[in-house]
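Here are my comments on the model, as numbered points. Please read them with the structure open.

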Amino acid sequence: MRRNTVVSWFVAAALLVGGWIGSASAESEIWHIKAVHPDGRLLDVKALDPAGNRNDVKAIERDGNHHVMDVKALVKGQEWNVKVLLSDDKYAPVKAIGPGGTIYDIKALTPEGTRLDVKGVKRRGTLIDIKAIAPDGSFYGVKAIARDGHLYDVKGVKMTTERKEGTIEGVDIEAHIKALPQVPGEDD
């Protein structure tokens, strides 16, 4: 069985179990989402509203399920979905989707004020690599970081073979954004 197929089955099982468990208890741990600059600096990843206001983007570990974590934008006390949107662009847009189909940009922010796009840049089987794109076109990894220092990859996850994964609040999506344990041998 190919590695991506095994990962897909594992993710599907974890999402299924996590969905049942997640509704039973409100216990959760918040992980930070950061882009990793080549010089070792961590860049904040935020959901930006049209006025440029910054909203946190976090991975949420629910009830001790640290195998597959949802990535959400925290906007006005609500958790908004963060998804790869269906698009014909070269790189797939990663956006936060709120009530009524409100869409916020997901950006990595440099200390100098530069806003870097966060996009799906490469698909491998059922996983889409999520990266911040530097002005020179290079890619910076996007990671979930726990308080104890654990580091997970942020990926787009496909659950179906169809290009369109589904529709949320009237917005067509291509993949779900999740934080997953790092897989040895991946070229991230």
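**Salt bridges and overall layout**

1. Start with Lys155 and Asp129. Their side chains form a salt bridge, with 2.6 Å from N to O. A salt bridge here is a side-chain nitrogen of Lys or Arg within 4 Å of a carboxyl oxygen of Asp or Glu. The pair links distant parts of the chain: Lys155 sits in strand S11 (residues 151-157) and Asp129 in strand S9 (residues 127-133), 26 residues apart. Lys155 counts as buried at 5% relative accessibility. Asp129 also counts as buried, at 4%. The cut-offs are under 20% relative accessible area for buried, over 50% for exposed, and partly exposed in between (1.4 Å probe, protein chains only).

2. A note on the basis. This is a predicted model: local features need pLDDT of at least 70, side-chain atom pairs count only at pLDDT 80 or more, and totals for chains, interfaces and linings use all residues. Residues are numbered from 1 along each chain as its sequence is written, and side-chain values use heavy atoms, with hydrogens and water left out.

3. Which strands does the Asp70 and Lys178 pair tie together? The closest N and O atoms of this salt bridge are 2.3 Å apart. Asp70 lies in strand S4 (residues 65-75) and Lys178 in strand S13 (residues 171-181), so the bridge ties parts that are 108 residues apart in sequence. Asp70 is partly exposed, at 23% relative accessible area. Lys178 is buried, at 6%.

4. Lys95 pairs with Asp105 in a salt bridge, the closest N and O atoms being 2.4 Å apart. Lys95 belongs to strand S6 (residues 92-97) and Asp105 to strand S7 (residues 103-109), 10 residues apart. Lys95 counts as buried at 17% relative accessibility. Asp105 counts as partly exposed at 30%.

5. How many salt bridges does a search of the whole structure find? The count is 14. Among the residues involved, Asp39, Arg41 and Glu112 are joined into one network by salt bridges that share partners.

6. Now the fold. The protein has one helix and 13 strands.

7. Last, the totals. Buried residues make up 48% of the 188 residues. Among contacts (heavy atoms within 4.5 Å) between residues at least 6 apart in sequence, 56% join residues at least 24 apart.

Note on methods
Helices (H or I, at least four residues) and strands (E, at least two) are DSSP runs, numbered from the N terminus.
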